[in-house]
Amino acid sequence: QVQLAESGGGLVQAGGSLRLSCAVSGRTSSNLFMGWFRQAPGKEREFLARIAWSTGSTVYAASVKGRFTISSDNAKNTVYLQMNSLKPEDTAVYYCAAKNTPWGDYGSWGRGTQVTVSS
């Protein structure tokens with residue numbers, strides 16, 4: 001089982017930046033696929049980005065491509081989400097998640113970190 005812990009959320013003005021971190025612990029492997037998601041009040045959870053732990057290959061949702069960047073530091077067992085040009089509609093709880101295959105559901109989730117973007 002993989003344990004995930006997000007950090008780095010907070011309050012930022014529109015146009016600003018934040019970097020979220022996700023610390024990965026437990027039964028990690030080089031085959032992990034790490035994802036970032038968010039959920040705003042009253043809305044469904046939204047996929048944002050994914051990175052393959054072993055190759056570094058990335059996938060982005062169209063809604064954040066060009067503004068958000070996912071990266072990983074394997075030596076620190078940490079995945080990051082750099083968020084630039086933030087908008088009020090980016091306000092949500094942000095979650096990281098992990099799975100062992102590029103397909104299927106994510107099996108491990110963090111508790112989330114709140115990001116609030118003021119206008």
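User: How do I read buried, partly exposed and exposed here?

Analyst: Buried means under 20% relative accessible area, exposed over 50%, and partly exposed in between, with a 1.4 Å probe and protein chains only. Ser85 is partly exposed, because its relative accessible area is 41%. This is a predicted model, where local features need pLDDT of at least 70, side-chain atom pairs count only at pLDDT 80 or more, and totals for chains, interfaces and linings use all residues. Residues are numbered from 1 along each chain as its sequence is written, and side-chain values use heavy atoms, without hydrogens and water.

User: Where does Ser85 lie?

Analyst: Helices (H or I, at least four residues) and strands (E, at least two) are DSSP runs, numbered from the N terminus. Ser85 sits in the loop between E8 and strand E9 (92-99). Its phi is positive, about 50 degrees, although Ser85 is not a glycine.

User: What is the phi of Asn77?

Analyst: Asn77 has a positive phi near 50 degrees and is not a glycine. Its loop joins strand E7 (68-73) and strand E8 (78-83). Asn77 is partly exposed, at 27% relative accessible area.

User: How many residues of E9 are buried?

Analyst: Seven of the eight, so E9 is largely enclosed by the rest of the structure.

User: Which strands pair with E9?

Analyst: Two strands pair if DSSP finds at least two bridges between them. E4 runs antiparallel to E9, with seven bridges. Gln39 stands opposite Val93 in E9. Strand E11 (residues 113-118) is also antiparallel to E9, over three bridges. There, Tyr94 has Thr113 as its bridge partner. Strand E10 (residues 108-109) pairs with E9 in the antiparallel sense over two bridges. Ala97 stands opposite Trp109 in E10.
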